[in-house]
Amino acid sequence: MSDWHSLAGHTALVTGSARGIGLEIARGLGRCGATVLLNGRKPAGLDVAVDDLASAGIQARPLCFDVTDHDAAAEALASAGAIDVLVNNVGQRDRRDLTQLRPSDLSRLLDADLTSVYTLSRLVATDLIARRSPGRIINISSIIGQLGRAGDIAYSAAKAGVDGLTRAMAAELGPHAITVNAVAPGPTATETNAHLVADPEWTAWLRRNTAIGRWGRPEEIAGVVTFLAGDAATFVTGQTIAVDGGMSTTF
């Protein structure tokens with residue numbers, strides 16, 4: 001069974017992986033034997049993250065580009081060599097309601113959170129098909145894509161789009177032995193959410209409204225991603241897996 005989770009000989013690109021959930025996903029894939037390509041817009045932050053993983057014996061390289069710059073993304077992937085695991089993790093958020101959020105703001109967020117997923121998936125899948133090689137595409141969605149929340153309309157729309165795109169790409173790429181799945185985190189204790197983690201009212205709300213009753217940890221998201229990337233998940237595709245402590249199923 002341990003061989004089912006081995007990623008030795010594979011190369012994985014994780015977007016938005018200089019910190020937070022993305023870095024933990026890269027760490028998890030690297031611990032399973034993959035060579036990981038860390039992505040971000042700032043070279044200095046990527047270098048720190050690469051050194052962090054290298055100190056743990058993980059093979060890691062930086063791949064610096066902005067996922068919303070489609071030409072830069074194509075150039076970077078062409079220089080990276082063969083990629084057989086893609087994790088689309090980049091996600092921006094704009095917590096404004098529809099009276100404040102302009103259509104141009106929505107378009108900008110959709111470009112980062114949804115269009116970039118399509119662009120990178122298309123680039124990686126096209127190369128996999130040309131090489132007749134199986135592969136894995138894993139999109140980081142959110143339970144907000146399945147639920148509704150006032151004041152978070154753009155992110156909800158983007159992540160719902162990611163879920164739909166995941167299903168459609170799975171149907172299209174299945175005949176090429178390329179699986180496509182999404183992981184939908186719930187409330188997770190990352191740097192971005194540090195102010196909420198420190199808020200006792202939020203922690204109390206989670207105790208009442210989730211089955212497990214606590215914040216999630218980034219490595220718990222990484223665990224599901226590493227499963228989907230390995231041979232144990234070869235018959236899983238088109239799914240959005242909630243990793244939310246039961247928030248989306250607790251009534």
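Strands here are DSSP runs of E with at least two residues, numbered from the N terminus. In this predicted model, strand β5 spans residues 135-140, and asparagine 139 sits in that stretch. Its side chain has a partner: a polar contact of 2.9 Å links asparagine 139 to the side chain of threonine 166. Asparagine 139 counts as buried because its relative accessible area is 0%, and buried means under 20%. Setting aside neighbours within four places in sequence, the residues in contact with asparagine 139 include Asn88, Val117, Ser121, Met169 and Asn181.

Helix α3 takes in residues 70-80, with Ala73, Ala76, Leu77 and Ala80 buried. These four span an arc of only 95 degrees around the axis, so they end up on the same side of α3. As a rule, an α-helix has 3.6 residues a turn, so residues three or four places apart point the same way. What do the buried residues of α3 pack against? Their partners are β1 (11-14), β2 (35-40), β3 (60-64) and α4 (103-131). Turned away from that buried side is a face of α3 with the exposed residues Asp71, Glu75, Ala78 and Ser79. After α3 comes glycine 81, with a positive phi near 85 degrees.

Then there is the pairing of α1 (residues 20-31) with α2 (residues 43-54), which pack at an angle of about 35 degrees, their axes 11 Å apart. The crossing of the two is right-handed. On the α1 side, Leu23, Ala26 and Arg27 meet Ala49, Asp52 and Leu53 of α2. Sorted by class, that contact has four nonpolar and two charged residues, with no polar ones.

Notes: Residues are numbered from 1 along each chain as its sequence is written. This is a predicted model: local features need pLDDT of at least 70, side-chain atom pairs count only at pLDDT 80 or more; totals for chains, interfaces and linings use all residues. Side-chain values use heavy atoms; hydrogens and water are left out. Axes are lines fitted to C-alpha atoms, for helices over the stretch in contact, and angles run from 0 to 180 degrees between N-to-C directions. A crossing is left-handed if the near helix is turned anticlockwise from the far one by less than a right angle, and right-handed if clockwise. Contact means heavy atoms within 4.5 Å. Ala, Val, Leu, Ile, Met, Phe, Trp, Tyr, Cys and Pro count as nonpolar, Asp, Glu, Lys and Arg as charged, and the others, Gly among them, as polar. Buried means under 20% relative accessible area, exposed over 50%, partly exposed in between (1.4 Å probe, protein chains only). A polar contact is a pair of N or O atoms within 3.5 Å; within protein, one must be able to donate a hydrogen and the other to accept it, and residues adjacent in sequence count only if both atoms are side-chain atoms. The arc is that of the directions from the helix axis to the C-beta atoms.
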